[in-house]
Amino acid sequence: MKNSKILLDTNIIIHRETNKILNPEIGKLFNWLDKIQAQKYIHPITIEEINKLKNKNKKETFQVKLDAYNELVTQEKLNPDVEQMSEKTDHSPNDRND
């Protein structure tokens, strides 16, 4: 599994990089990912979400921490079937981002 690429959800990043321990299991996840030498990726939406933080100090701190991750480069649009399902089930911007 060496050189695996792992896309991390925004909530995982927030739990990992916050100053408080919110979920100790996240530390175990990162330990396991480090052991298999996985490349950790974040989606551009994660960066957008962090940039929406109101607290300037918190936002700047998160932005520095995000440099530790690779950013996923996306060029393709969503498959039309996925778009159609999203329109039916996603009720908020957060739902759509997830």
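The charged end of Arg-16 sits over the ring of Phe-30, at 4.4 Å from the ring centre, where a charge counts as over a ring if NZ of Lys or CZ of Arg is within 6 Å of the ring centre and within 35 degrees of the ring normal. The model is predicted, so local features need pLDDT of at least 70 and side-chain atom pairs count only at pLDDT 80 or more, while totals for chains, interfaces and linings use all residues. Residues are numbered from 1 along each chain as its sequence is written, and side-chain values use heavy atoms, with hydrogens and water left out.

**Overall architecture**

- The protein has 6 helices and 3 strands, these being DSSP runs numbered from the N terminus, with helices of type H or I and at least four residues, and strands of type E and at least two.
- Read along the sequence, these elements follow the pattern β-α-α-β-α-α-β-α-α.
- The C-alpha trace spans about 40 × 40 × 25 Å along its principal axes.
- Of the 98 residues in the protein, 20% are buried, where buried means under 20% relative accessible area, exposed means over 50%, and partly exposed lies in between (1.4 Å probe, protein chains only).

**The sheet**

- Strands of a sheet pair through backbone hydrogen bonds, either parallel or antiparallel.
- Here 3 strands form an open sheet in the order β1-β2-β3, with parallel pairing, and two strands are taken to pair if DSSP finds at least two bridges between them.
- The edge strands are β1 and β3, each of which pairs on one side only.
- Strand β1 (residues 5-8) pairs with strand β2 (residues 39-42) over 4 bridges in the parallel sense, and within this pairing Ile-6 has Lys-40 of β2 as its bridge partner.
- On the other pairing, β2 and strand β3 (residues 70-71) are joined in the parallel sense over 2 bridges, with Ile-42 standing opposite Glu-71 in β3.

**The aromatic pair**

- The structure holds 1 aromatic pair, under the criterion that rings of Phe, Tyr and Trp (its six-membered ring) pair if their centres lie within 6.5 Å, with planes under 30 degrees apart counted as stacked, over 60 as edge-to-face and the rest as tilted.
- The rings of Phe-30 and Tyr-69 have centres 6.4 Å apart and planes at 85 degrees, so the pair is edge-to-face.
- Because Phe-30 lies in helix α2 (residues 24-35) and Tyr-69 in the loop between α4 (56-66) and β3, the pair ties together parts that are 39 residues apart in sequence.
- Both partners have a computed burial class: Phe-30 counts as buried at 3% relative accessibility, and Tyr-69 counts as buried at 9%.

**Salt bridges**

- Side chains of opposite charge can pair when their charged atoms come close.
- The structure holds 3 salt bridges, a salt bridge being a side-chain nitrogen of Lys or Arg within 4 Å of a carboxyl oxygen of Asp or Glu.
- Lys-40, the residue that partners Ile-6 in the sheet, forms a salt bridge with Asp-34, the closest N and O atoms being 2.6 Å apart; Lys-40 counts as buried at 16% relative accessibility, whereas Asp-34 is partly exposed at 44%.
- Lys-28 and Glu-25 meet through their side chains in a salt bridge of 3.3 Å, N to O, and, being 3 residues apart in helix α2, they are separated by about one helical turn.
- In that pair, Lys-28 is exposed with a relative accessible area of 53%, and Glu-25 counts as partly exposed at 45%.
- The side chains of Glu-49 and Lys-52 also meet in a salt bridge (3.3 Å, N to O), where Lys-52 counts as exposed at 52% relative accessibility.

**The largest pocket**

- About 600 Å³ of space lies in the largest pocket; a pocket is an open set of points on a 1 Å grid over the protein atoms alone, where a 1.4 Å probe fits, with protein on both sides within 12 Å along at least five of seven lines.
- The volume is the space filled by probe spheres set on the points, which are joined across faces, edges and corners.
- Its lining consists of 22 residues, of which His-43, Ile-45, Arg-96, Asn-97 and Asp-98 lie nearest the centre, and lining residues are those with an atom within 4 Å of a point.
- The elements giving two or more residues to this lining are β1, α1 (10-17), α3 (44-51) and α6 (93-97), and α3 gives the most, with 4 residues.
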